[in-house]
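Hi everyone, thanks for making time this morning. Let me put the structure up, and then we can walk through it together.

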Amino acid sequence: MSQQVQTPLFSSRNRITDIKNLAFLIARDCCEDGDMEQILSRQEASEAVQDAGWRFLLGTLRTSVPVGSSARAIGLAADAVAACGDDADRHLRVDARPDRVVFTLQSLEHAAVTTRDVELALLISATADRSGFLTEPEIGTGAPRSVQMLEIAIDALDIAGIRPFWKAVLGYTDEAGATGPEDPLVDPFGQDPAIWFQQMDRARPQRNRIHFDICVPHDEASRRIETALAAGGRLVSATRAPAFWVLADLEGNEVCVTTWQGRDG
């Protein structure tokens, strides 16, 4: 993809026009490259939508829109689906609740963020703006939390041996393009956390074998970690930061706070 966002493109005075202009530029560059839908790197995806209030999380684009009522939530969700047209079924997931609507974009065919997902994100932002709403990651806004995604990691000596059990007991399925005996498992309805397996080289009975991975926006990670440490946690490791930090509670139960950064290249 030849076009990259280098500076903030959205003005407070004319945000709708700015969003439309960026969507046009991305669509034009895709056509010039001879491919209408290209898979983007983590950094490309993040930079393309960050100023429109979206964040890249675990191979998806996600944003939240505070609305204040179920009627407004359903109305905005319907408008967003209409804006996406036929691509809504192939890219868009919507969680509409009385207080907010959460939009998630990912190409179901590629199980990744593509140039089309970026275009749809900008269309949804413009649609929300026209209705008087704002797409935002809810970082530092007073919201209970920012947009985020949860994964569950299971340590195993024999991943291929235990994976079928977890697939069956959870009613999960393979992710698109990832059907190997050690690949992650996902909820076919996209509601519950994905499961991934971490290879162990030896049994470690004193270490918890299942832990949570909390994927947060890259610009939310430091605040989330500080809050967790102030609540009695401790930092176990930051050697892989900013990809992830390992934290633990007072009894040693571990959790990873993760971002997209530090993973490409």
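Helices (H or I, at least four residues) and strands (E, at least two) are DSSP runs here, numbered from the N terminus. What you see is a predicted model, where local features need pLDDT of at least 70, side-chain atom pairs count only at pLDDT 80 or more, and totals for chains, interfaces and linings use all residues. Residues are numbered from 1 along each chain as its sequence is written, and side-chain values use heavy atoms, with hydrogens and water left out.

First, the overall picture. The protein chain has seven helices and 12 strands. Of its 265 residues, 42% are buried, meaning under 20% relative accessible area, with exposed over 50% and partly exposed in between (1.4 Å probe, protein chains only).

Now find helix α6, residues 159-170, which holds Val 169. Is Val 169 buried or exposed? It counts as exposed, because its relative accessibility is 52%.

Next, please look at the strands. Four of them form an open sheet in the order β1-β2-β4-β3, with antiparallel pairing; two strands pair if DSSP finds at least two bridges between them. At the edges sit β1 (55-57) and β3 (92-96), each pairing on one side only. On average, neighbouring strands of this sheet are turned by 25 degrees against each other, direction ignored; the axes are lines fitted to C-alpha atoms, for helices over the stretch in contact, and angles run from 0 to 180 degrees between N-to-C directions.

Finally, strands β2 (residues 60-66) and β4 (residues 100-105) run antiparallel and are joined by six bridges. Arg 62 stands opposite Thr 104 in β4.
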